[in-house]
Amino acid sequence: MAFTGYGSLKVLVIDDFDSFRATVGRMLDDFGCRDVKSVTSGNKALEACNRTRFDLILCDYNLGDGPNGQQVLEQLRANGQLTRQSLFLMITAESSKQIVLSAYDYAPDAYLTKPITSQTLRQRLDRLLAQRQQMLPFYHHLENFNLREAVDIAVDAVAAGSRYATIYQRQLADVYLQQGMLDEAEDLYTRALEVRPLDWAKVGMSRVKRLRGDLEMSNQWLHQIVESNPFCMQAYDVMVENYQDLGLPEKAQEVLQTAVDISPMSILRQTNLGQIADTNNDIEVATRAFGNCVKLGEYSCHDRLENHMQFGRSAAAWVREAEPPPLEIAREGLQVIEKVPRRFELLGESRLQAQLLESQLNAGLEDTAKAWEKLQEAEEKMLGQSLSLDVQLDRVSTYLALGRKDRANDLLNELIEQYHDDQDALQRIDRWLEEPVSERNRRLVAKINNEGIHHYQERDYGKALDSFKRARRLFPNHLGVHLNLAQALIAEMKEFGRNEEHMELCLSSLQKVAVAVEPGHTQFERYRQLQQMAKGL
Amino acid sequence: MTDTNEQVTIAEGLKTADFSLILASSVHDMKNSLGMLLNSLDTVMRAMPPQNEEQEQQFSTLHYEASRINTELIQLLSIYRMQNDRLPVQIDECYLIDVLEEQVARNDLLFQSRGLDVQIDCDEDLVWYFDGELIGGVVHNVLVNAARYTKKTIRLSARLEDELLEIAVADDGIGYPDAMMRAPEEGSMGPVDFQKGNTHLGLYFAQQVASLHRRNDRNGQIELSNGGDLGGGIFKIFLP
């Protein structure tokens, strides 16, 4: 199956080792390649690809400073500089490369393990290029959105038992899924699964079930896959979407966390984890995830201003809430936010937000003067402007970080007034309130509270604590939730004995109430009783 | 050029005083170094082809021993991962001719330097379902071993019978010693003989990889025998 078209290929070799580039260059020359360019770094590779469209790219994974091989690939794919007709081969020193690398967001067409011999390279290239050549018409139609023609070619190839029948089958099923032709897709996956229960067909089946709205069945398929192959990243991704649609964001976070633990280098997955953890008000997880996004973003085309801001924002929230505050995180957050204006072009409100975050983080680090200075700078610019809810909420956080609860409350009341008929906005404001104002969150806190009270009455304290802890995480300022949690903890300790961890949690919840209520408040009497009971333990 | 993604670090191992972790970590480093060494060796051999038979012999020994260390290290790492559940089998559809040709190509220089005739007997269209990388590793290891013990010829073959794939590597050497042929059936590492440098790691690895391939009630397995057309040792791996 020797390939004969080497003479007309445009080839790019990327490696920071001179000897390796020379060796591969010689090999390619022997194969008949006439147009070979080689570069020493990821950045130079990206420049070269801006000028030339290569048919074949051989790229080392480790490239010293700058983007690594995977990041080069991601950027080329994201920019649309790699068509389906071109080949990208990743060269690694690692033999079990799939485990380490395939877990990224984009996979190369093939991996080559060092040491590479002329024979190995020739054999792999012959095989891949012959396949590419044979499938060229199909890919050509696909790129030009001539789906009917592409489908015809694929169907014929599968029927004729082409050597590439399986590849055509997978591509065909993808086209069907994209076009919403679920019956055709399901039929294809079913036939593939009859031959062998392979992961790609199972993932495909789970997608069909998902698109049909059968999320439970979709998840059944997915759980089965990850049980036998915990490295099937696609399966986690579909599962996360399913749990989100099922209204189970905590489950979605759990699955994403597993996926990120297996494959920590995927910036897109880390971003998703940060966002979901943020919705779940899981500040620590969100901070860590956004922190990873910032690190991974250094040379990635998926680096986003929003990730940097979110890192600063959640770091500041963590510092505000935790006792003792994690100062190291505050310092990291401040460093990132201070660098933001150099790294990104700040447009519109983002400049204000960066200043507000700087103020919060300085307050967290007890540099109050600097914190006030930054807040004033921001507020001067705000004068006469109509501000988005995002900026306003950052302002609320800044007042709280500076210990100005009065100002925070005034602003929150203004916002509730302003957004009184916008449930989505109210839902976001709820996080800062003692009692939620949005309908959804009112129902949610009532539901979780009722669950907890039910378990409490059944004396199932473990489950009661789970409910109240969840409610506390979602509504950190809700006084009733804090009192319920304290009461359940006290009852649990009365029955099973004093426990330092529980005692600490109990006292921290009571402390939250103490700063909010004064004698005469409806909750004051209950607070006082619980306080005494806790002391008596 | 160390791989920054490798999760095993020496520091991690020292913290937990877990010897196998330390071992896995240094194996990983050694493997990277050896990869570089093998690469330079290939370059040297191309730049300065052997002038006489003696030099040819020396190059061949160098290449063989370096390949052997590389293979053993890869196996050690794989076994470490297997035991820590970090080596899931990734079953996919594979063309046998591709898998076999790739391993022959990988060892081309070794075969050439020893003047060996390597034959492949396999239907171009034969397809089966297995972890191509793991099985490729097993075939590679057996080939390197066969290159050391055969006289003139190695024959690689693959065929399908009764929903069971058989890959065989046969040679015309003196065959496997009796003690070795008993080992894999017991499913253990077999008799370890450090003095003769014979730890049977390769066989243990092959056995483990085979048994990771399961289908319905059938397990993959390996088999050693002597004789056949070539009269030497025959290694077979069966995959359901």
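1. How far is the sulfur of Cys33(A) from the closest cysteine sulfur, and in which residue does that sulfur lie? The distance is 16 Å, and the partner is Cys49(A). That is too far for a bond. Keep in mind that this is a predicted model.

2. The cut-off is a sulfur pair within 2.5 Å. Cys293(A) shows the point again. Its closest cysteine sulfur belongs to Cys301(A), 13 Å away, so a bond is ruled out by distance.

3. Are Cys33(A) and Cys293(A) buried or exposed? Cys33(A) has 2% relative accessibility and counts as buried. Cys293(A) is at 0% and also counts as buried. The threshold for buried is under 20% relative accessible area.

4. Next, a helix pair in chain A. H9 (residues 199–211) packs with H11 (residues 233–245) at an angle of about 15°. Their axes are 10 Å apart. Angles under 35 degrees count as roughly parallel, so H9(A) and H11(A) fall in that class. The crossing of H9(A) past H11(A) is left-handed.

5. Which residues make the contact of H9(A) with H11(A)? From H9(A) come Val203(A), Ser206(A), Arg207(A) and Arg210(A). They meet Gln234(A), Val238(A), Glu241(A), Asn242(A) and Asp245(A) in H11(A). By class, this contact has 4 charged, 3 polar and 2 nonpolar residues.

6. H25 (residues 500–514) and H26 (residues 524–536) pack at about 155°, with axes 11 Å apart. H25(A) is therefore roughly antiparallel to H26(A), since the class begins over 145 degrees. H25(A) passes H26(A) in a left-handed crossing.

7. What is the make-up of the contact of H25(A) with H26(A)? It divides into 9 nonpolar residues, 1 polar and no charged. On the H25(A) side are Met503(A), Cys506(A), Leu507(A), Leu510(A), Val513(A) and Ala514(A). H26(A) supplies Tyr527(A), Leu530(A), Gln531(A) and Ala534(A).

8. Finally, a histidine. His482(A) lies in H24 (residues 479–496) of chain A. Its relative accessible area is 0%, so His482(A) is buried. Leaving aside neighbours within four places in sequence, His482(A) is in contact with Arg472(A), Pro476(A), Asn477(A), Ser509(A), Lys512(A) and Val513(A). One of these, Val513(A), also belongs to the H25(A) side of the contact with H26(A).

Methods:
Residues numbered from 1 in each chain as written. Chains lettered and ligands numbered in written order. Predicted model: local features only at pLDDT ≥ 70, side-chain atom pairs only at ≥ 80, totals over all residues. Heavy atoms only, no water. Buried < 20%, exposed > 50% of the residue type's maximum accessible area, 1.4 Å probe, protein only. Axes fitted to C-alpha atoms, helices over the stretch in contact; angles between N-to-C directions. Helix = DSSP H or I, 4+ residues; strand = E, 2+ residues; numbered from the N terminus. Parallel < 35°, antiparallel > 145°, perpendicular 65-115°, else oblique. Left-handed = near helix turned anticlockwise from the far one by under 90°. Contact = heavy atoms within 4.5 Å. Nonpolar A, V, L, I, M, F, W, Y, C, P; charged D, E, K, R; others polar.
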